[in-house]
Amino acid sequence: MFLERINGPDDIKKLSLAELALLSDEVRDALVFKLSCRGGHVGSNLGVVELTVALHYVFSSPYDKIVWDVSHQCYPHKILTGRKEAYTDPAHFGDVTGYTNPNESEHDFFTIGHTATSIPLALGLAKGRDLCGSLENIIAVIGDGALSGGEAYEGLNCAGEYNGNLIIILNDNEQSVAENHGGLYKGLGKLRESGGSCEHNIFKSLGLDYRYLENGNDTESLVKMLESVKDTDHPVVVHIHTVKGKGLDFAEKDRESWHSGAPFNICDGTPKNGYPKYDTTVHDSLSALMSENNNSAVLTAGTPRALGFVGEDREHFASEGRFIDVGIAEECAVAYASGLAGYGAVSVFGVYAPFLQRSYDQISHDLCLNNNPATILVLLAGVYGMKSNTHLGLCDIQMLTHIPNLVYLDPCSRQEYNEMFRYAVTSRAHPTAVRVPARFRDEETDSFADILRARIHLRGKGAAVISTGNLLPIALECAGICKKEYGKDITVITPRVLTSTDDELLSELERDHSLIVTIEDGELCGGYGMRVASFYGMSDMKVKNLGISKKFHTDFNAEELLSENGISARKIAELIKDNIQEHII
């Protein structure tokens with residue numbers, strides 16, 4: 001056993017080249033063990049085992065600095081830099097995050113969870129090294145489709161005129177989350193086919209030195225290649241061809257499904273907790289749109305499964321040119337959707353909330369300034385979405401609701417989502433975003449009043465709870481407590497439109513209400529509740545805003561985080577009881 005003797009990179013340097021290959025096998029076994037128990041990013045990590053071993057054999061971390069992109073392929077790096085127990089001992093599985101984290105180790109230089117960042121970050125480290133008079137190697141490892149992100153192009157462009165040590169490792173596993181898209185990847189394919197000798201070479205065109213290694217899972221070849229560029233005095237791109245999912249037959253064959261996933265049985269890849277049930281509401285709405293309207297198109301930024309498109313239906317609509325994957329480039333997707341809508345087509349861009357923030361300027365300038373009626377579906381927004389500090393969707397309301405011309409709709413159920421989706425793709429008056437419910441609940445009606453007005457779910461007096469759609473169940477439970485325990489019928493409202501207030505309804509509440517409590521599943525600061533508080537600012541109405549504190553929350557339980565911020569049915573009911581004016585009841 002070699003891994004048990006590895007407590008840091010210095011221990012790797014004591015091994016022979018033959019022993020490095022055996023160490024790689026043990027690292028891969030440790031990865032499979034933890035991934036099968038806890039889940040996580042599977043294919044990307046299995047594919048870079050040999051590369052990671054070779055990097056730590058050739059270079060001297062943390063003196064030499066390795067920046068990982070998007071850092072979900074850093075598990076082998078963590079195993080080799082003093083954190084192996086987090087992958088070999090179930091009692092320590094929770095000791096590390098799924099991304100690089102400077103709070104964990106001196107071998108991690110940035111907290112990174114988004115794509116295309118490594119090259120400019122490494123370029124900044126290199127220039128900082130130069131200014132401070134140091135001599136270490138700076139290495140950026142980029143792969144898994146990250147090269148399609150605009151920031152990567154910008155970094156390569158700047159690197160093209162930099163004149164110091166910078167090593168860019170392009171881990172080419174022929175895959176993003178799903179398949180790669182774009183002319184760049186056609187070019188990488190030609191470079192692979194030619195063994196790196198194809199004359200059409202984007203890296204050389206940018207002024208960068210270039211090397212190619214076909215077998216990127218051979219440790220000895222990797223060591224020789226890395227030694228050849230160590231201490232370079234100029235930027236160099238090392239293009240290595242690896243196998244995503246290396247070592248697990250089912251992960252190698254189905255690279256998209258095994259990009260990441262839940263715990264599984266090692267023998268055959270079947271999920272340990274049974275196959276999950278996926279809600280098809282978003283997929284069905286998009287599929288119906290494209291089936292019924294030939295002038296419609298749906299865009300994704302490298303995550304087609306987020307919209308439920310897998311297999312034949314994705315291939316069908318993609319073959320028609322109406323399911324468009326722009327790669328991991330949300331900025332491009334928003335502008336693309338605006339152009340489609342500007343011409344008169346119906347365009348919908350579906351995107352995870354934590355990734356939408358990359359496209360802020362395009363939403364404001366390319367889409368909303370031009371008032372083109374594209375639709376954005378915002379997935380996993382709020383506290384019930386992703387829970388890593390690198391993948392938070394807690395600021396979507398703040399980001400979107402102040403932009404002129406945009407209408408941000410917030411459905412509370414499956415039926416209301418469908419109604420709002422129909423409105424969004426048929427309205428030609430303005431761009432529309434829909435905050436897709438994190439948990440679809442059903443209600444009996446398919447008939448809705450004006451969806452641009454707030455919706456009263458329960459009509460009482462004295463106190464009202466105004467809730468974002470995801471938190472409606474908590475508001476209704478609170479109303480039940482107030483009724484049963486305090487004998488008070490309170491009002492429960494969802495705003496439905498987050499970009500404005502229903503002033504007529506808010507004015508009406510002043511007649512027989514003395515307290516408004518707003519609850520939202522995103523950050524409190526700058527959220528919807530403050531819009532309501534501003535409306536009542538000069539009146540006698542009490543307003544209490546509840547939302548999530550401004551912090552990079554991570555690895556949290558949604559219900560616990562809500563409760564910590566005062567959002568539970570019991571806590572809200574007690575707040576109402578303690579603050580309501582009895583004479584109004």
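Helices (H or I, at least four residues) and strands (E, at least two) here are DSSP runs, numbered from the N terminus. This is a predicted model, where local features need pLDDT of at least 70 and side-chain atom pairs count only at pLDDT 80 or more, while totals for chains, interfaces and linings use all residues. Residues are numbered from 1 along each chain as its sequence is written, and side-chain values use heavy atoms, leaving out hydrogens and water.

- An open, mixed sheet is built from 5 strands in the order 14-16-15-17-18 (two strands pair if DSSP finds at least two bridges between them).
- Strand 14 (455-458) and strand 18 (542-548) sit at the edges, each pairing on one side only.
- Inside the sheet, strand 15 (residues 462-467) runs parallel to strand 17 (residues 513-523) over 6 bridges, with Val465 opposite Val517.

**Helices on that sheet**
- Helix 24 (residues 569-579) lies across strands 15, 17 and 18, at about 155 degrees to strand 17; axes are lines fitted to C-alpha atoms, for helices over the stretch in contact (heavy atoms within 4.5 Å), and angles run from 0 to 180 degrees between N-to-C directions.

**Around strand 4**
- All 7 of the 7 residues of strand 4 (residues 166-172) are buried, so the rest of the structure largely encloses this strand (buried means under 20% relative accessible area, with a 1.4 Å probe and protein chains only).
- Leu166, Ile168, Leu170 and Asp172 point one way, and Ile167, Ile169 and Asn171 the other.

Methods: Buried < 20%, exposed > 50% of the residue type's maximum accessible area, 1.4 Å probe, protein only.
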